[in-house]
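Colleague: Before I rely on any of the labels used for this protein, I would like to go through them one at a time. Could you set each value beside its cut-off for me?

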Amino acid sequence: MALSAIALCSRALLKLGAATIASFDEGTAESEVCANLYPSVRDALLSSYPWKFATGQVSLPRLVAQPVADYAMAYQLPADFLRAMSAGVAGQGFGLSYRIAENRLHCDADEVTLTYIFRPDELSFPPFFDQVLITRLAAEFCIPLTESTSRAEFLYRLAEDEYRRAKLVDAQQDVPSAISSFPLVEVRS
């Protein structure tokens, strides 16, 4: 079942024994904590691992302004960009030397295909990610709402267990990538 941002926060609040929310603008302590902490916790968790559901590829639009030094061209990053994984040219998503600076990608290529982590809509989160996010939110909400450090420590440990489980599930949704080049083997030939 797909969950909204409000539903994810409400489930995290339930784990704490706190009152649920119907909106981030209710004016309650719970809604204020959720509104302030949710976006950064979500983005940090999304960018912490190359989740299959949050990984995309895009051809970047070239900017007129050139970088000051080191590279010849600059490209605009997507609006939903969280973290770069790799960049390439000519239909490949890897192999290009680049640098991210000032919310732009700098490189020497005439065209760029970026493989990156993006911020998907909450309704497209898979159930295994919902669980790790809910548990992590509960840990983050714990001290501001309950002032219990021991409960917060327990929830952080629980969130780490959920995180490991979620990464295992996510990793099984793809064929393992083969090693395309290994210099030690090539030297033998």
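Modeller: Let us begin with how helix pairs are described: axes are lines fitted to C-alpha atoms, for helices over the stretch in contact, and angles run from 0 to 180 degrees between N-to-C directions. Helices (H or I, at least four residues) and strands (E, at least two) are DSSP runs, numbered from the N terminus. This is a predicted model, in which local features need pLDDT of at least 70 and side-chain atom pairs count only at pLDDT 80 or more, while totals for chains, interfaces and linings use all residues. Residues are numbered from 1 along each chain as its sequence is written, and side-chain values use heavy atoms, with hydrogens and water left out.

Colleague: Why are H3 and H4 called roughly antiparallel to each other?

Modeller: H3 and H4 pack at an angle of about 165°, with their axes 8 Å apart. Angles under 35 degrees count as roughly parallel, over 145 as roughly antiparallel, 65 to 115 as roughly perpendicular and the rest as oblique, and H3 and H4 are therefore roughly antiparallel. H3 passes H4 in a left-handed crossing, a term used if the near helix is turned anticlockwise from the far one by less than a right angle, with right-handed meaning clockwise.

Colleague: What makes H2 oblique to H3?

Modeller: Helix H2 (residues 29-47) and helix H3 (residues 127-146) pack at about 135°, with axes 9 Å apart. That angle makes H2 oblique to H3, and H2 passes H3 in a right-handed crossing.

Colleague: What makes Leu3 count as buried, and what is Leu3 in contact with?

Modeller: Leu3 lies in the segment before H1, and its relative accessibility of 5% is why Leu3 counts as buried. Leaving aside neighbours within four places in sequence, its contacts include Leu8, Leu123 and Ile134.

Colleague: Why does Ala65 count as partly exposed?

Modeller: Ala65 sits in the loop between strand E1 (55-59) and strand E2 (73-76), and its relative accessibility is 49%, so Ala65 counts as partly exposed.

Colleague: What is the largest nonpolar core, and which residues have the most contacts inside it?

Modeller: A nonpolar core is a set of buried Ala, Val, Leu, Ile, Met, Phe, Trp, Tyr and Cys residues joined through side-chain atoms within 4.5 Å. The largest has 36 residues, and those with the most contacts inside it are Trp51, Phe129, Leu133, Leu137 and Phe141. Helix H1 (5-16), H2, H3 and helix H4 (149-171) are the elements that give two or more residues to this core, and H3 gives the most, with ten residues. A second, separate core of 16 residues includes Tyr75, Phe81, Ala87 and Leu114.

Terms used. Buried < 20%, exposed > 50% of the residue type's maximum accessible area, 1.4 Å probe, protein only. Contact = heavy atoms within 4.5 Å.
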